[in-house]
Amino acid sequence: MRHNKKFNHLSRTADHRHAMLANMAISLIEHKRITTTLAKAKALKKYVEPLITRCKEDTTSSRRVVFRYLQNKYAVTELFSNIAEKVGDRPGGYTRIIKLGFRQGDAAQMCFIELVDFDENMAKTAKAAKKTRRSRRSGAKTEAPAAEAPVAEAPATEEKAEEAKAE
């Protein structure tokens with residue numbers, strides 16, 4: 001029976017699993033986005049979100065707790081400086097998992113896991129999608145373009161200007 005066994009063991013021993021999740025968390029903190037399998041991403045989400053919540057309060061105790069999990073002082077510094085500023089007002093949900101499809105070799109389901117506040121592309125597309133609203137009907141009714149009046153073009157370069165003066 002599986003009573004009280006809620007997390008995915010990922011077919012690894014406990015030491016291997018803890019080391020792998022710590023390494024993946026360090027990579028996620030440093031690069032803000034990593035590509036991995038869906039099962040590992042879900043396990044990493046449960047591992048790293050409490051650490052990000054802990055970094056909102058910058059105390060010696062919270063730094064020591066986070067360092068005990070990560071064992072990388074550069075990742076801890078990044079977490080408490082840059083990431084804590086961006087997620088300070090967010091109540092939770094610091095990571096996003098985006099499914100990519102299946103891996104060629106073993107058909108494992110692949111995905112991105114990324115920090116939500118650090119993805120510029122998603123923020124740009126969300127703003128652009130809200131601004132532009134078009135109807136198909138209005139685009140179909142276009143009038144014929146009016147005849148353009150001839151405009152005297154200014155020479156673009158110095159050579160063309162000299163040729164124009166010579167003529």
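Mentor: Helices (H or I, at least four residues) and strands (E, at least two) are DSSP runs, numbered from the N terminus. The model is predicted: local features need pLDDT of at least 70, side-chain atom pairs count only at pLDDT 80 or more, and totals for chains, interfaces and linings use all residues. Residues are numbered from 1 along each chain as its sequence is written, and side-chain values use heavy atoms, with hydrogens and water left out.

Trainee: Which element gives the largest share of the lining of the largest pocket?

Mentor: The answer is α2, with five residues. A pocket is an open set of points on a 1 Å grid over the protein atoms alone, where a 1.4 Å probe fits, with protein on both sides within 12 Å along at least five of seven lines; lining residues have an atom within 4 Å of a point. Among those lining this pocket are Phe 7, Arg 17, Lys 42 and Tyr 47.

Trainee: Why is Thr 37 called buried?

Mentor: Buried means under 20% relative accessible area (1.4 Å probe, protein chains only). Thr 37 has 12% relative accessibility, so Thr 37 counts as buried. Thr 37 lies in strand β1, residues 33-37.

Trainee: What is Thr 37 in contact with, leaving aside its neighbours within four places in sequence?

Mentor: Contact means heavy atoms within 4.5 Å. With those neighbours left aside, the partners of Thr 37 are Arg 103, Ala 108, Gln 109, Met 110 and Cys 111. The C-alpha atoms of Thr 37 and Phe 112 are separated by 8.2 Å, although these residues are 75 residues apart along the chain.

Terms used
Buried < 20%, exposed > 50% of the residue type's maximum accessible area, 1.4 Å probe, protein only.
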